[in-house]
Amino acid sequence: MTEELFRADAYARTCEAEVTAALEGGVCLDRTVFYCQGGGQPGDRGRLQLEGAALEVVDTVKDGGHIVHRLADGSLMPAVGASLVAEIDWPRRHRLMRMHSAMHLLCAAIARPVTGGQVGADRSRLDFDLQGASIDKDEIAERVAGWIAEDRPIRFMWIDADELDARPELVKTMSVRPPATSGRIRLVEIAGVDLQACGGTHVRSTGEIGALHVGKIENKGRQNRRIALTLLD
Ligand SMILES: [Zn+2]
């Protein structure tokens, strides 16, 4: 099992690690700061710095329970047991953290079940099942901007998987069950705004999200509506 350092500290950019497997698909490490694709958030990119060589990581995915750092085509493969420094592409990750945190605000502003979504470094979207409710783009934009201006803290807490089963309202993404780390599930709280189970990476407070543009509401079926957010800087 890879120790998932990004779950406890989203701001960790580098770590020392040892290679536990090196396959055609990529490299597994004993610990990593690379977020692996999941919950609508893309996997990290970056590099693995070995003595005398830097290997480019083009994506990070989960494969059969293992976190795989996918290397660029034709890359040299490190030996099992080799020591290295793993370093994420921080500017990209920080944008993903801002976008991902903004998705929580959008989710809270609309307060309807989420049926799908995708986080990107510049643009992200969520799909909602409106269940007959009507929504207004300007109202949503105003609520989200208000929470960002209030710079509300974003915190974590951990609960047992059993407790999550007893509190289904904490799972707001209909399509995704959050990952468990040793039987524990992480809750993410945006003070006074949102509380839900989530394994993604977030900024420390809503002010760090910065200025956003809320796109027009798109019809995606009878009850489904898609809303996209774009970072303005
Ligand atoms: Zn989240």
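This is a predicted model: local features need pLDDT of at least 70, side-chain atom pairs count only at pLDDT 80 or more; totals for chains, interfaces and linings use all residues.
**View 1. The whole protein, from end to end.** Along its principal axes, the C-alpha trace spans about 55 × 40 × 35 Å. A compact globule of 233 residues would have a radius of gyration near 17 Å, and the protein has 19 Å, which agrees.

**View 2. Surface and interior of the protein.** How much of the protein counts as buried? Of its 233 residues, 47% do. The accessible surface comes to about 11,200 Å², and carbon and sulfur atoms hold 47% of that area. Now look at which parts of the chain meet: among contacts with a separation of 6 or more, 64% are made by residues 24 or more positions apart.

View 3. At the N-terminal end, look for Asp89, which caps the helix. One of its side-chain oxygens lies 3.3 Å from the backbone nitrogen of Arg92. After the helix comes Ala111, and its phi is positive, near 55 degrees.

**View 4. His104, a residue within α2.** Staying with helix α2, this view picks out His104. Its relative accessible area is 3%, under the 20% limit, so His104 is buried. Which side chain joins His104 in a polar contact? The partner is His100, at 3.3 Å. Once neighbours within four places in sequence are left aside, His104 is in contact with Val188, Ile190, Asp194, Gln196, Cys198 and His202.

**View 5. Glu4, in a strand.** The last stop is strand β1, residues 3-4, where Glu4 lies. Is Glu4 buried or exposed? Its relative accessibility is 15%, and buried means under 20%, so Glu4 counts as buried. Not counting residues up to four places away in sequence, Glu4 touches Thr32, Lys62, Ile67 and Thr181.

Terms used
Residues are numbered from 1 along each chain as its sequence is written. Side-chain values use heavy atoms; hydrogens and water are left out. A polar contact is a pair of N or O atoms within 3.5 Å; within protein, one must be able to donate a hydrogen and the other to accept it, and residues adjacent in sequence count only if both atoms are side-chain atoms. Helices (H or I, at least four residues) and strands (E, at least two) are DSSP runs, numbered from the N terminus. The radius of gyration is taken over C-alpha atoms; the globule rule is 2.2 Å times the number of residues to the power 0.38. Buried means under 20% relative accessible area, exposed over 50%, partly exposed in between (1.4 Å probe, protein chains only). Contact means heavy atoms within 4.5 Å. Accessible areas come from the Shrake-Rupley method with a 1.4 Å probe; for residues, only the protein chains shown count as cover.
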